[in-house]
Amino acid sequence: MRHGRYPFILSFLALPVGLYAWLVILPFAQAFQISLTDWSGSSNSFNYIGFDNYVNLFKDDRFVLPALRNTGIILVVLPLVTIALGLFFAFMLNLGGKMRRGRIEGVRGARFHKIVFFFPQVLSVAIVGILWKQVYAPENFGGLITGALGAVGLPAPVNGFLADKRFVLAAVIGVLVWSAVGFYLVYFSSAIASIPRDLYEAAIIDGAGRIPMFFKITLPLLWDSVQTAWIYLSIIALDVFVLIYLMTPEQGGPDGASEVVGGVIWKYAFKHGEQAFASAIGVVLFFAALSLAVISLRVGRRERIEF
Amino acid sequence: MAIETPTPAPAEASEKSQARAAKRLRSEGGVLNLFSQGFLWLWALLVIIPVVWIVMTSFKTSREIASDPLALPEAMHWANYVNAWTNGNIGSFFLNTVQVMAFSVTGTMLLGAMAAYVLARYEFPGSRLLYFGFAAGMMFPVFLALFPLFKTLSNVSLLNTKTGLILVYIAYSLPFTVFFLTAFFRTLPSGVAEAAIVDGAGHYRLFFQVMLPMAKPGLIAITIFNILGQWNQFLLPLVLMNRNPQDAVISQGLANLAMRQGYEGDAGALFAGTVLAMIPIFVAYVIFQRQIQAGLTAGAIK
Amino acid sequence: MSNTPADRQAIFTRRNLFGATAAGIAATSLGACATSGGDDEQKEVTVGDDAENPFGVDPKAPLDVVIFDGGFGNEYAVAHQALYNEAFPDAEIEFLATQAIAETQQPRFAEGKPADVIDNSGAQQIPMDALVSDGELAELTPLLDAPSYDDPALTVRETLRDGVLEAGTFNGKVYSLNYVFNAWTIWYDSKLFSDNGWTPPTTWAEMMALCPTIKAAGIAPWTYAGQHPVYLYDMFLMLAGRHGGVQVLKDIDNLVADAWRHPSVVAAAEALHSIGDGGFLLDGSAGIDHIQSQTAFNENKAAFLPCGSWLPNEQKAIAPEGFAYAPMGVPYLDGSVQPGLISAGGDEPFVIPKNAANLPGAYEYLRIMLSQEGSQIFGDTVQAATVVKGVELDNEAARMTDALVSNPDDMFQPKLRYWYTTMDTELRPALGQLINAETSAADFIDRMQGVADETAADDSIEKFTHDE
C-alpha cells in the first residue's frame, strides 16, 4: 500500500490547501503587513511605521481596552452559561423523568422541547437582532421584558436594557445564550444517549440520586463533548459583533459599554479610516485566541473514559 | 432518541433492591419532574413568545407598531408582505443564497473531507504543521482579511461573482471542517480499511468507497454546522458581492431591510420580511429535525 | 498622515515581505496594482469654452455612479442618469444604490479604481477627513467655475444658495457637493400648545419654566433619538454659539486651546444637563431610535423634539391629523449675543474620487444634478430643499427650511463632525450622557477638552480651519 502514497496525498491536499492558502492565509499575511503601516483604508498609498500601531493600541483606553475587557467577559460567561444550561436541559430531557419499570426516562414532551429550543439556532442573526432589540426596548416603547416587569410591579431600567450601561452587556450575552442553548442541548442529548443505560441503572441500584448521577456518570463521560463545545463557543465569543452592531445604540454603546474587539476593528477600519490600526487589533486578537485555544486544549486534556 | 431505544433491564439486579431504589427515585423524580418541567417550559416560552410576537407585528401598520407594539393587529395588514416581497426582494435573495450554498457547502465538504482524511490517516513530513495551519484558521477574525480579499478576487476577475463568493465560503469554512473531520476520521476503525487494502483497494477507492460511507454521520453533522454558518454570512458577501444589489444573499437583504426601516420608517415591511425569511428555514427545520439531531448524535459519539 | 506622495508606496505592490515564502500564489494576489494611484500627473480636468460640454466629456466613456440608498431612495438618481444619457446617449452608466458606502467603496479606493461619482452619505459613509487627507478626492473647482447648465452667463457656483459649499470645504478647498439643504431646530406641536394655552418659549429660562407645567399635563417636555445622540449635536452647539457668538463654535472647530472651557460652552453643557436633571426627558428616550422619538412626539408624549427641517416630511405617514409642526429654534440662554444663530447648510455629500476613470463625466454629472431640472427632480422626488437657487418647490421641507434660514448671516454649520472623526465619535455618546444627567457638565467639558487636546497634539491627523 506504499505504492502511490505521495501522489495520492498530493492530489488530495492540493486543492484544499491551495484554496486555503490563497484566500485565507495570504490575505491574513497581508493584513499583518498592513498593520505595520499607517494606511487609512481609503487610499492606495501608505508608509511603514513599524510596530507603532501595536504600541498605541494598548494605550487606547477609549475603545480598545474596554473592548478587550468586554470580550474577555463574554469569553468567560458565554461558554460557561451556555454549557451549564445545555447540560442541565439535556440531562432533564433524557434522565429527568419518572422511573418506570426500573428505568429512568426523560421528561414528557422532550421531543417538543428539543424542537423549540433548537429553533433560534436556525434564525439568521439579523432576525435575532431585530427581534431582541424590541424585546429589550423601554417600557414606554413596547419592550416585552420591561413591560412584563412593570406589570408585576418590579422595577425595570427606564431606558430599556440596551441603553443602560449596567445591563447592555448582560443583555447581549443573554441573546447569545438564547440562540446557542438549543444547539448544545441537542448536542449533549446525543452524547447522553450514547452512554449505555446500564451504567445509570447500576448507579440506581447502588443508591445514587439523580444529582450525583449527573456528576459521577454523565459529566465525566461527556467531557469530550463539553470540550468541543467550549472551543466552539469561545470562537463565537470572539466573533461577537453583528448582534451588537444591530442592537445597541451607536453600535457598541451606550457610551462604549458594549464595545467588543470585533466592533472596534470595524469602527477603526470603516468609520475612522484607520485600517492599519484596525489590522493591528485583529492580529492581536488572533494571537490571543490562538493561545487561548492551545491552553484550553492542554488544560482540558483528561484521561479518556472508555466504555 | 435515547428514550425510545429500549435497553434490557439489568438481569443480575436483585428484585428487592431494585424495587427499593425505584421507589425512592420515583418520589425524587416527582419533585425533579415538576422543577424540570417548570424550567423547561419557561425556556420554551422564552423562545416562543418573541417569535409569535414578531409574526403578530408583521401584520400591523407602521403606525400601530410605533404606537402600541404589544397590541394585536387591528386588521391583517397583508400589504407589509407585498412590500417586503417586492421592495425587499426576499424571494430572489433566498434563491441567491440557495444557489451559492448548494455549491459552497458541497465544495466545503468534499475538499474538507479530502484534506481531513489525508491529515488523519497518513503520516508525512509537515502533516502536523498543515493540520495546525488549518486549525489556526478558526481563530482568524474575518474583518482582517476583507481588504486583501477584495484585491485578490478583483485580480482574477472573481469579484462580484457567485463563483468568487463560493470559493471564499469554501476557503473560510475549511478550518472548522478540517479540524472536526480530522478528529472524526481518526476514530474510524482501521480494521475495515485494512480489509479493503487486502482486497486490493487503492487509495482512492479506499477513500470513496470505504471511508467516506463510514464517515457519513460525521459528515452530516459538519454539513449542518456549515449550512448554519454560511447561511448567516454577512460581512463577506457585503464586501465581495457589492456591485449588483440583485445578487445579494439573504442576510444582506435582511440587514438592508432593517437599515431601510431606519431611513423610511417602514417597520411593517421589515417584520414581514423577517417572517418571510424565517418560514422556509422553519419548514426545513421541522421536516429535517430528525436528521439534524441524528447527525449531531453521530458527531457527539467519538 | 504624510502628504508627500514621493515617500509613499502603492499598497499591495510590495512583494518582498512575503514574496519569498509565497511567491507562487503571490503572483496573482500581491500583484501590482494596474492603475496604481499616487501618479500625480493625473489627467487634470480643465474648463473649456464649450458651454454645452465644458469638461470635454468623452461621449462614449462609461460612468460609474454610487448612490446612498437611504431616506432619499434612488429614484432621483435614476432620473439624473437619464438626463446624462440624453446628453451622451452612448455613455453606459454603471449604477449602484447601497447603504453600505464604506464597506463597498473603501476597498475600491484602496485598489485605486474608485467609482466616478459617490454619494458618500449615511451611517456608513467613508469618513471625509480620511478621504481628504489621503488626497483621494478631486477638488470641485472646475465644476464650480464652469458655466451653469441652464445659463452660460452664470457659473455653477453662482447658482448655489449661500452656505451650501461650507460643509464640503476643507482648508479653503471644496471636496464635496452637499446636495440637500437642511436646517436644524427644535419642533413643537402648535396645536397642542394653543389647546393648552402654552406660549412657545424663546429663551431657555422660559422653556425651563414651562417644563413643570407640561409635565403636570401628563406630557414629557423633551424626547430625542437616544440611539443616535447626533440629533443633540446642533441643539448643544447652537446653545453655546447663540450665547457666545459664532466665534465660540469656530474656536471649537479650529481646536483653539481651551475652546471647550469657554463660559458659553460650559453654560450650554449645564443647560443640557438640567433637562435630564429636572426629569424633563420622556422615560425611555435614551433607548429609542429617531423614528420612535418622532412617533412619540407625534403622539404628544413629548412636547419638544430636536430635529432637522425634513421632519414634517419624514413623518407624513405617521403623524396624526391636526398635528401642527412648528419650529421654535433652540431656546437661547440669557445674555446670548447671537440669539438668531442657526445650524444650516448642505448635507448629503457627493464626491468625485481623484482616481475616477471618467473625471470629466463625473463633473458633468454633478453639473446636471445642479441644473434647474436636476434640482427640481430631486426636490420633487424626495420632498426636500435643494441647494440651487430659484427652484420652485412645493414641499413642506423646502418651505420649512426657507422659513428657518431667513437671515443668511446667522447661518453657521459646525464642522468638527466632518473634520475630526475622533472628536465626532466622542461627542455623540458624551452628549447622550449629558442630557440624561449621567455625567456632570464639568466632566463633559473635561472629556471633550481632553479629546480636543489629543486631536490637536496628534500629528497624524490633518488639521483644518475656518478661514478668517
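User: What share of the contacts in chain C with a separation of 6 or more comes from residues 24 or more positions apart?
Analyst: That share is 76%. A contact here is two residues whose C-beta atoms, placed from the backbone, lie within 7 Å. Bear in mind that this is a predicted model, where local features need pLDDT of at least 70, side-chain atom pairs count only at pLDDT 80 or more, and totals for chains, interfaces and linings use all residues. Residues are numbered from 1 along each chain as its sequence is written, while chains are lettered from A and ligands numbered from 1 in the order in which they are written.

User: Why does the radius of gyration of chain C agree with a compact globule?
Analyst: Because a compact globule of 468 residues would come out near 23 Å, and chain C has 24 Å. The radius is taken over C-alpha atoms, and the globule rule is 2.2 Å times the number of residues to the power 0.38.

User: How many of the residues of chain C count as buried?
Analyst: 57% of the 468. Buried takes 20 or more other C-beta atoms within 10 Å of a residue's own; 12 or fewer is exposed, in between is partly exposed, and C-beta atoms are placed from the backbone.

User: What are the domains of chain C?
Analyst: Domain 1 is 12-182 + 345-399 and domain 2 is 183-344 + 419-457. The bounds come from an automatic or database domain assignment. Their C-alpha centres lie 33 Å apart, and the contact takes 11 residues from domain 1 of chain C and 10 residues from domain 2 of chain C.

User: And how many residues does the contact take from chain A and from chain B?
Analyst: 90 from chain A and 85 from chain B.
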